[in-house]
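Please keep the sequence and the structure in view while reading.

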Amino acid sequence: MQFFKSKSVEKGTPSVAYTPIYQCDEFSLCIFFLAANAVIPLHNHPGMTVFSKLLLGDLHIKSYDWVDSMPPPESQPRLARLKVDSVLKAPCKTSVLYPTTGGNIHEFKAVTPCAVLDVLGPPYSKDDRDCSYYKELQHSALSNGESSRVNEGGSDYLRWLKEIEVPQDSHMERIDYWGPQIVD
């Protein structure tokens, strides 16, 4: 439980901590610890497949996939389709995010203290696989005049997403892993 009590909690921002367990050229293993009300902002995993397993707690997940495979000109909003907007409660099934489907652009909000195990393949790389952050734009209509809620039932909910810099209130604290070592 000490993972949920980091320095950022004292400053008024619920904490997000992570501990890298293992990394090689093919994949990485990491556990994220989110204090109640902590947020991992809307971000992506470019060119990566991610297996996420909620180990502890209740976690609200909101995720999107791009509607069009062709990105717009730089700094322009891009249309995305909502894939998931629900609360997961541990224990639950493992979720899989593929490079272009399954909700690869997603946000986590901890309802209660949470622990999430992520397996990312291939791992992040500053050269070609660094994540981007996004914000949802509050447009009530798309550029062609159609309603942004194509189907009130859920999966066809469309939203414009704009790439942004790392949010200023987003802080992750690295915690050393003290568990059993994984040997190649």
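Along the sequence, the protein follows the pattern α-β-β-β-β-β-β-β-β-β-β-β-β. It thus comprises one helix and 12 strands, where helices (H or I, at least four residues) and strands (E, at least two) are DSSP runs numbered from the N terminus. This is a predicted model, in which local features need pLDDT of at least 70 and side-chain atom pairs count only at pLDDT 80 or more, while totals for chains, interfaces and linings use all residues. Residues are numbered from 1 along each chain as its sequence is written, and side-chain values use heavy atoms, with hydrogens and water left out.

The predictor's confidence in each residue is expressed as pLDDT, on a scale from 0 to 100. For the protein, the mean pLDDT is 83, and 82% of the residues reach 70 or more. Residues 145-155 should be read with this scale in mind: pLDDT stays under 50 there, and the model has 17 contacts beyond four places in sequence for them. A contact means heavy atoms within 4.5 Å. Of the contacts in the protein with a separation of 6 or more, 75% are between residues 24 or more positions apart.

The interior may be considered next. Buried residues make up 40% of the 184 residues; buried means under 20% relative accessible area, exposed over 50%, and partly exposed in between, with a 1.4 Å probe and protein chains only. A nonpolar core is a set of buried Ala, Val, Leu, Ile, Met, Phe, Trp, Tyr and Cys residues joined through side-chain atoms within 4.5 Å. The largest such core has 14 residues, and those with the most contacts inside it are Leu34, Ile40, Leu54, Leu59, Phe108, Cys114 and Val116. Two or more residues of this core come from each of E2, strand E5 (58-66), strand E8 (105-110) and E9, and the largest share, three residues, is that of E2. Phe108 illustrates the packing: leaving out residues up to four places away in sequence, Phe108 touches Leu34, Ala38, Val39, Ile40, Ser52, Leu59, His60, Ile61 and Val116. A second, separate core has nine residues, among them Ala17, Ile21, Phe33 and Ala115.

Open spaces are described on a 1 Å grid over the protein atoms alone: a cavity is a set of points where a 1.4 Å probe fits but cannot get out, whereas a pocket is an open set with protein on both sides within 12 Å along at least five of seven lines, and lining residues have an atom within 4 Å of a point. Grid points are joined across faces, edges and corners, and a volume is the space filled by probe spheres set on the points. The largest pocket has a volume of about 850 Å³. Of the 31 residues that line this pocket, Tyr124, Asp130, Cys131, Tyr133 and Met172 lie nearest its centre. Strand E1 (16-23), E2, E3, E8, E9 and strand E11 (158-164) each supply at least two lining residues, and E1 gives the most, with five. The lining has 17 nonpolar, eight polar and six charged residues; Ala, Val, Leu, Ile, Met, Phe, Trp, Tyr, Cys and Pro count as nonpolar, Asp, Glu, Lys and Arg as charged, and the others, Gly among them, as polar.

The second largest pocket has a volume of about 530 Å³. It is lined by 27 residues, and Asn44, Trp66, Pro71, Arg78 and Tyr134 are the closest to its centre.

Several backbone details lie in loops. A cis peptide bond, with omega about 0°, joins Ala90 and Pro91, and Pro91 is placed in the loop between strand E6 (78-89) and strand E7 (95-97). The peptide bond from Gly121 to Pro122 is also cis, with omega near -15°; Pro122 lies in the loop between strand E9 (114-121) and strand E10 (133-136). Asn37, in the loop between strand E2 (28-34) and strand E3 (39-43), has a positive phi, near 75°, although this residue is not glycine. Asn37 counts as exposed because its relative accessibility is 58%.

Lys135 lies in strand E10 and counts as partly exposed because its relative accessibility is 41%. Its C-alpha atom is separated by 5.6 Å from that of Leu161, 26 residues apart along the chain. Cys24, in the loop between E1 and E2, counts as buried because its relative accessibility is 18%. Cys24 and Asp184 are 160 residues apart in sequence and 9.0 Å apart in space, C-alpha to C-alpha.
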